[in-house]
Amino acid sequence: MYRAHVLICAGTGCTSSGSAQVREALKKELEAKGLTDEVKVVMTGCFGLCALGPIMIVYPEGSFYARVTADEIPEIVEEHLLKGRPVERLIYNDPVAGSTEPAKSLNDTAFYRSQRRVALRNCGVIDPENIDEYIARRGYEALYRCLCEKTPQEVIDTVLASGLRGRGGAGFPTGRKWQFATAPAPKKYVVCNADEGDPGAFMDRSVLEGDPHAVIEAMAIAGYAIGADEGYIYVRAEYPIAVKRLGIAIKQAREYGLLGKDIFGTGFNFDIQLRLGAGAFVCGEETALLTSIEGNRGEPRPRPPFPAVKGLFGKPTVINNVETYANVAQIILNGPEWFASMGTEKSKGTKVFALGGKINHTGLVEIPMGTPLRTIIEEIGGGIPNGKKFKAAQTGGPSGGCIPASLIDTPVDYDNLIAIGSMMGSGGLIVMDEDNCMVDIAKFFLEFTVSESCGKCAPCRIGTRRMLDILTRITEGKGEEGDIEKLIELGNEIKATALCGLGQTAPNPVLSTIRYFRDEYEAHIKEKRCPAGACKALAKITIDPEKCKGCSLCSTKCPVGAISGEVRKPFVIDQSKCIKCGVCLATCRFGAISKK
Amino acid sequence: MAVKIKTIEDLESIRASMRDKICLREGFADACVVVGMGTAGIDAGAREVLHALVDAVDKKGLCDRVTVMQSGAVTGEGAPIVEIRKKGADTVVKTNVTPADAEAIVAEAAE
């Protein structure tokens with residue numbers, strides 16, 4: 001038995017900040033000190049606080065070392081692991097809790113305190129490449145309970161009663177989706193949508209990397225519920241760690257007979273295959289994803305028929321998102337009432353959000369539905385860096401919309417977000433401060449959807465391109481009267497007529513920024529001014545007449561002759577000639593010239 | 001790993017065998033046995049005591065109830081020193097502990 005465990009994150013975030021080197025250094029040092037029989041080194045999935053990676057936790061104390069480097073390992077081994085003195089200097093000091101003391105353990109930090117981990121319960125706790133550790137945390141017990149103690153209909157009823165809704169975006173009730181697929185058919189499929197594509201969202205990746213068996217177990221449960229014997233996980237090739245761990249997990253589950261023929265001796269057969277996607281955003285749309293698994297170009301098709309009726313290879317198919325599956329075993333084990341006791345009236349359970357943008361704690365958080373946005377940003381997220389002011393948060397990525405500062409107390413759930421013109425989406429949450437221009441943000445997301453549009457239907461292929469043209473014009477100072485109205489009309493038209501979810505939601509970022517920040521659009525169009533100072537083309541260089549001594553130096557340096565005036569009187573810049581090169585700014589000795 | 005899992009008992013036996021491997025990560029047990037590991041403690045044989053305590057917890061299958069910890073802050077006369085800290089009870093201090101005392105200390109902590 002080991003007396004201490006050292007957990008090191010091996011998720012994508014910490015791996016890219018060097019956790020593998022830290023792990024190697026630690027193993028070497030433990031060997032040198034003769035501690036290998038006492039101290040176990042475990043690589044785990046994501047802890048969530050990716051901004052502070054590489055993250056290392058030492059149990060039993062739960063000491064939380066952040067931004068660990070290989071150089072610090074000898075000291076940590078000597079002091080903490082050998083002599084029992086946690087190296088306080090290197091332990092994460094939670095600035096938000098206002099404490100000057102190092103956090104004693106993970107759960108003392110403001111980041112973790114308000115979280116409720118269901119889908120992420122094993123992430124950062126177990127070794128994802130060891131099925132026994134998953135089983136130790138009641139893994140595969142839910143599958144056993146379903147196969148041996150429940151009828152398929154009872155399984156569906158349990159999921160229905162829990163109120164679980166799809167975590168991939170639209171929030172369709174999972175139990176109802178399963179129910180649709182119960183009509184007798186000779187062949188059915190269960191598919192996992194792991195084609196996470198929203199810029200800024202990485203919760204599915206973290207679940208796959210940190211707890212792959214949770215997804216596998218839930219897919220087998222879904223297979224039993226609808227009578228399917230084959231499953232596919234469609235995961236993007238850009239997630240190499242997730243792909244590798246899924247492969248290991250499937251192999252281990254097969255070796256134990258938890259996948260394959262006659263599972264738990266019940267005669268139920270179920271097996272899973274991996275399919276790697278090439279990373280097209282549209283393949284996250286379910287019909288395009290199924291088309292891609294079939295070996296065709298990933299393009300959507302009209303619904304109905306829905307996949308539950310006519311899905312993969314034309315057979316009834318249940319397709320759910322990774323995070324949705326990650327909740328299923330917990331619902332079976334703890335009961336639907338337990339799950340339904342969390343969240344709001346129509347949005348039960350928890351939701352994982354990927355915090356990004358202008359926020360101190362970039363990372364993954366899981367919170368009960370209905371948690372106010374303010375708690376997420378100010379408490380868990382640690383607020384905005386550099387004392388800047390919160391301006392808005394974008395939820396739902398390129399399909400969603402923004403929540404302005406005036407609505408920061410909105411409890412976050414499916415219906416509230418829809419009501420204020422945004423959407424849950426997969427849970428990306430990008431925070432913006434006063435330096436972000438909302439027109440520029442809308443343009444950024446639209447650029448993404450324009451380049452990811454598959455081109456099959458005209459509203460999306462041509463319509464979003466026209467919207468982007470208008471936005472580009474506006475940010476370049478060439479906006480015209482009526483542009484806003486044109487954007488709204490085009491946006492509504494595209495939403496109503498596009499073939500699939502990609503096109504139907506693409507105008508959302510534009511429409512929602514117009515709704516809450518119309519004044520910024522107007523400033524760009526009418527005054528040729530970017531209030532946030534983010535749009536380069538609209539930056540304006542001006543001379544303060546109070547400070548200008550009329551020395552004429554700037555006008556002699558200006559390469560385009562845009563500055564004129566009479567000596568010893570304030571000079572002026574002709575904005576129509578100015579190319580914003582900034583030479584005058586560097587020339588002025590009186591600080592009279594500024595750029596805004 | 002070639003053994004197939006067919007029954008709930010198969011699952012439970014894996015769970016039981018893994019119990020002591022992950023319970024450390026699920027938070028402190030109600031009782032902690034803390035070994036003083038200052039330089040004086042290590043000199044006087046605290047590491048051997050620590051090992052004996054861990055073995056005792058393992059042997060008795062008490063990892064859910066007793067957490068063995070080390071601390072650099074437990075100092076004083078009579079090293080090796082072991083403290084038994086229980087929720088809602090006063091800390092009990094044992095001095096001049098030897099590996100032979102380990103089983104009795106763990107049993108006291110688990111009471």
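Trainee: How many of the six residues of strand 11 of chain A are buried?
Mentor: Six of the six, over residues 363–368, so strand 11 of chain A is largely enclosed by the rest of the structure. Keep in mind that this is a predicted model.

Trainee: What does strand 11 of chain A pair with, and in which sense?
Mentor: With strand 10 of chain A, residues 350–357, in the antiparallel sense over six bridges. A hairpin of five residues joins strand 10 to strand 11 of chain A.

Trainee: Which residue stands opposite G363(A)?
Mentor: L355(A) does.

Trainee: Switching to the open sheet in chain A: what's the strand order?
Mentor: It runs 7-8-6-5-9, five strands with mixed pairing. Strand 7 (260–263) and strand 9 (317–321) of chain A are the edges, each pairing on one side only. From one strand to the next the twist averages 25 degrees.

Trainee: And strands 6 and 8 of chain A, parallel or antiparallel?
Mentor: Parallel, over seven bridges, between residues 230–236 of strand 6 and residues 268–277 of strand 8 of chain A. In that pair, I233(A) sits opposite L274(A).

Trainee: Which strands does helix 11 of chain A touch?
Mentor: Helix 11 (residues 240–255) of chain A packs on the sheet against strand 6, strand 7 and strand 8 of chain A. The direction of helix 11 makes about 165 degrees with that of strand 8 of chain A.

Trainee: Where does helix 13 of chain A lie?
Mentor: Helix 13 of chain A, residues 322–334, lies across strand 5 (189–194) and strand 9 of chain A. The angle of helix 13 to strand 9 of chain A is about 95 degrees.

Trainee: New topic. How far apart should the ends of helix 18 of chain A be?
Mentor: Helix 18 of chain A has 18 residues, 458–475, and at 1.5 Å a residue these should span 26 Å. The end C-alpha atoms are 25 Å apart, which agrees.

Trainee: Which residues of helix 18 of chain A are buried?
Mentor: Among them are C460(A), G463(A), T464(A), M467(A), I470(A), L471(A) and I474(A). Seen down the axis of helix 18 of chain A, the buried residues fall within an arc of 135 degrees, so they line one face of the helix.

Trainee: Why would that spacing put residues on one face?
Mentor: An α-helix has 3.6 residues a turn, so residues three or four places apart point the same way.

Trainee: What covers the buried residues of helix 18 of chain A?
Mentor: The cover includes helix 17 (438–452), helix 19 (483–497), helix 20 (501–505) and helix 21 (508–526) of chain A. Just after helix 18 of chain A, G477(A) has a positive phi of about 85 degrees.

Trainee: Is V42(A) buried or exposed?
Mentor: Buried, because 21 other C-beta atoms lie within 10 Å of V42(A), and the cut-off is 20 or more. V42(A) belongs to strand 2 (residues 39–44) of chain A. Beyond neighbours within four places in sequence, V42(A) is in contact with H5(A), L7(A) and D127(A).

Trainee: Last one: how many residues of chain A are in contact with chain B?
Mentor: 26 residues of chain A, against 28 residues of chain B. Helix 5 (131–136) of chain A is one of the elements that supply at least two residues to that side, and helix 5 of chain A gives the most, with four. By class, the chain A side has 13 nonpolar, four polar and nine charged residues.

How values were computed: Residues numbered from 1 in each chain as written. Chains lettered and ligands numbered in written order. Predicted model: local features only at pLDDT ≥ 70, side-chain atom pairs only at ≥ 80, totals over all residues. Expected span 1.5 Å × (residues − 1). Buried ≥ 20, exposed ≤ 12 C-beta atoms within 10 Å, placed from the backbone. Arc of directions from axis to C-beta. Contact = placed C-beta atoms within 7 Å. Nonpolar A, V, L, I, M, F, W, Y, C, P; charged D, E, K, R; others polar. Pairing = 2+ DSSP bridges. Axes fitted to C-alpha atoms, helices over the stretch in contact; angles between N-to-C directions.
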